[in-house]
Amino acid sequence: IKDCANRYFLSFVVDIEPEQIEPINPSVGIDLGIKTLAVLSTGEKFQSPDYSKLDKKVRKLQRKLARQSKGSNRRHKTRLKIAKKHNKIADTRNDFLHKVSRIVIRKNQAITLEDLNVSGMVKNRKLARAISQQGWRQFRTLCESKAEKYGRTFSTVSRWEPTSQVCSHCGYQWGKLDLSVRTLTCLSCGTTHDRDDNAAKNIDQVGMGHRHDSKRTRRQSKTGSPASVVEVSRITVASAR
């Protein structure tokens with residue numbers, strides 16, 4: 001197979017023996033992000049590769065391509081350079097996602113991800129490029145395939161589950177917070193949380209059935225009412241300190 005960057009690939013199929021590996025942890029919840037691709041409920045974090053330098057070179061070459069005459073040899077050479085840069089970004093991302101998904105699957109028996117609305121999130125013009133480069137959907141696909149290979153359990157929780165609005169320690173619901181708030185203190189139990197760590201723990205609890213959806217939770221009175229404007233400001237101030 002020859003791709004757009006004049007690279008050749010040969011593919012073939014082989015039979016391999018299934019590998020049996022005992023998991024270290026019974027379950028794990030994963031919160032996906034941009035700078036940090038995955039934050040695990042076990043405390044592990046996987047930083048995303050920096051694609052900014054390659055992306056800047058791609059933009060520069062694309063501007064150069066736009067100024068060149070169609071059908072010219074220089075335009076063809078520039079197109080090949082752009083294709084090679086895109087392939088380098090894709091190869092870097094694929095290698096990183098394969099490594100992270102393999103580590104996650106090998107260490108944990110049950111894996112739970114949040115079902116993100118990626119197609120809706122990329123409509124945000126400020127974050128669309130950064131979100132697209134992370135490969136969240138590809139990471140989910142890799143986790144699913146590797147989970148089947150190693151005999152693990154893979155599941156997702158609803159995108160409407162308020163995983164970032166609930167205390168993972170006591171279940172108190174404080175309501176929506178601004179994305180700039182990265183650490184906060186629960187108004188009920190006083191526990192200080194990292195925003196992403198807290199969300200990952202909630203995803204794990206929901207995936208394992210230890211916490212129900214928000215409507216059922218409120219009926220059983222396991223959480224309080226959402227935080228008021230004054231309470232949210234207190235959380236924000238506490239996190240800033």
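**Exercise 1.** Determine the volume of the largest pocket and characterise its lining.

*Solution.* Step 1: the volume of the largest pocket is about 1,300 Å³. A pocket is found on a 1 Å grid over the protein atoms alone, as an open set of points where a 1.4 Å probe fits, with protein on both sides within 12 Å along at least five of seven lines. Points are joined across faces, edges and corners, and the volume is the space filled by probe spheres set on them.

Step 1: there are 29 lining residues, and those closest to the centre are Leu116, Met121, Ser164, Leu179 and Arg195. To count as lining, a residue must have an atom within 4 Å of a point.

Step 2: two or more residues each come from β1 (25-32), β2 (36-40) and α6 (195-207), and α6 gives the most, with 3 residues. Helices (H or I, at least four residues) and strands (E, at least two) are DSSP runs numbered from the N terminus.

Step 3: the lining divides into 13 nonpolar, 7 polar and 9 charged residues. Here Ala, Val, Leu, Ile, Met, Phe, Trp, Tyr, Cys and Pro are nonpolar, Asp, Glu, Lys and Arg are charged, and the others, Gly among them, are polar.

The model is predicted: local features need pLDDT of at least 70 and side-chain atom pairs pLDDT 80 or more, while totals for chains, interfaces and linings use all residues. Residues are numbered from 1 along each chain as its sequence is written, and side-chain values use heavy atoms, leaving out hydrogens and water.

**Exercise 2.** Which helix supplies the largest share of the lining of the second largest pocket?

*Solution.* Step 1: this pocket holds about 250 Å³ of space. Its lining comprises 13 residues, with Ile34, Asp50, Ala130, Gln133 and Gln134 nearest the centre.

Step 1: α1 and α4 (128-134) each supply at least two lining residues; the largest share, 4 residues, is from α4.

Step 2: by class, the lining has 4 nonpolar, 4 polar and 5 charged residues.

**Exercise 3.** Describe how α2 packs against α5.

*Solution.* Step 1: α2 and helix α5 (residues 136-150) have axes 9 Å apart, at an angle of about 40°. Axes are lines fitted to C-alpha atoms, for helices over the stretch in contact, and angles run from 0 to 180 degrees between N-to-C directions.

Step 1: α2 is therefore oblique to α5, a term for angles that are not under 35 degrees (roughly parallel), over 145 (roughly antiparallel) or 65 to 115 (roughly perpendicular).

Step 2: the contact (heavy atoms within 4.5 Å) includes Leu97 and Ile105 of α2 and Phe139 and Leu142 of α5. By class, this contact has 8 nonpolar, 4 polar and 4 charged residues.
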